[in-house]
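Student: I would like to go through some labels used for this structure and ask what each one rests on.

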Amino acid sequence: TVAASVSIAATLAENSIGGATLATMDDSAVTAGGDVTITALGANTIHAFAVAAAVSVSGSGTVAISGAGTGAAATNTTTNTVEASIVNGSDVDATGSVMLLAEDTSAITAQLFSAAMSVAASGAFAASVSIALTLAQNSIGGETLATIEGSSVDAGGVVSLTALADTTIDALGVAVAVTVAGSGGGAVGGAGTGVIVGTTTTNTVEASITGGSIVTAVGEVTLGATDTSEIDSIVAAVSFAAAGSSAAAISFAMAVSVADNQFGSVVRSAIDASDVTSQTGDVTLDALSDGSVEATSVGVGIAVGGAGGFSLTFAGSGAIATTTATNLTEAIIGGGSSVVATSGMVTLTATDDTEIDVEVLALSVSGGGAGGVSINVSLAAAVALTDVQSTMRSVIDDSSVTAGGAVALSADATTD
């Protein structure tokens, strides 16, 4: 007699959030006896949890075949536009300060698990196979903008424009496969797992005065654009296979995990084709990329076998983690602008302080014994690839800058 058992399970999830958060003065005249504050906050959140599990058991006096397969997949995307602005010919006159803040704190948390187990037992021949796959793609992108465009602003205090992207991706992917085969004649057991998790951030963060704007402040004028986004990715694949027989036994286990992280942002502080004056303070443009990537990839393969005549075991594992950083960080005065700090400094700073931490572990174990011939093979490979292609620049181009103090430009990269 022949006994066969097959079990399959799959789970799929796709989540997408987009839209715009806008706080603006558009083609308007505003007179304030105090401060003017414009704030836009974006905080989209996705929490994805997926589990797929399959168990297969087969038994027979002669031939038994058992198979189990699982798959868990998820795609999560957020595309936000967060804007605090004064635009289109607006005229703002305040006895106090004028402050614009655009902040995006969107977050994706993705946890995916797949597990497969198969067991086969017979008097003559038994074969058992388990396969588990986990796939996830997570992406955060969009624009965070604090801007004065084509407008006039006169402040009795300070003028500040702040754009901040503080987005996070927290991804966990796990796949486990277990297979056991036993027979009085011949037994074959195989287990395979694969995990691929991709994470991407593509933020544009900008604080700017553009389009022929005229901005005058008694105090300082500051433009700050900052990206502090974080990626935390953990992937693990584990395979275990065991086969035993009085005659011949073959077992094989393979586990591969891949973590692919893409970190690319554009962070810009700019005065373009506009006139900016601080009567008593500094004019400061600051652009900072201060994100982080932490990636861990683990692959474990274990194969054991035993037979009265012949035994073959093979265990293989691979752990791969790739990280690419392509940031553009810039502080710019250009387009024929006129910038005056009557009694202060003019400072432009562009800094990339992105932190990258990658850990990979691959482990393979094979063991077997036989009354005749026993062959045991194990292979393991761990690969970590990091590619940083970032650009930092501080530029004064085709513009007039007058300062009562110093004029300072700096561009610094401390990515590690």
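Student: What makes the meeting of the Arg393 and Glu330 side chains a salt bridge?

Tutor: This is a predicted model, and in it the N to O distance between the side chains of Arg393 and Glu330 is 2.6 Å. The cut-off is within 4 Å, so the pair counts as a salt bridge. Arg393 is in strand β28 (residues 391-396) and Glu330 in strand β23, 63 residues apart.

Student: Why is Arg393 called partly exposed?

Tutor: Its relative accessible area is 39%. Partly exposed lies between the buried limit, under 20%, and the exposed limit, over 50%, so Arg393 is partly exposed.

Student: Why is Glu330 called buried?

Tutor: Glu330 has a relative accessible area of 2%. Buried means under 20%, so the label applies to Glu330.

Student: What makes Arg268 and Glu330 a salt bridge?

Tutor: Their side chains meet at 2.5 Å, N to O, and that is within 4 Å, so the pair qualifies. Arg268 lies in strand β18 and Glu330 in strand β23 (residues 328-334), so the bridge ties together parts 62 residues apart in sequence.

Student: How do you know that Arg268 and Glu206 form a salt bridge?

Tutor: The N to O distance for Arg268 and Glu206 is 3.1 Å. It is within 4 Å, so this pair is a salt bridge as well.

Student: Why is Glu206 called buried?

Tutor: At 15%, the relative accessible area of Glu206 is under 20%, so Glu206 is buried.

How values were computed:
Residues are numbered from 1 along each chain as its sequence is written. This is a predicted model: local features need pLDDT of at least 70, side-chain atom pairs count only at pLDDT 80 or more; totals for chains, interfaces and linings use all residues. Side-chain values use heavy atoms; hydrogens and water are left out. Buried means under 20% relative accessible area, exposed over 50%, partly exposed in between (1.4 Å probe, protein chains only). Helices (H or I, at least four residues) and strands (E, at least two) are DSSP runs, numbered from the N terminus.
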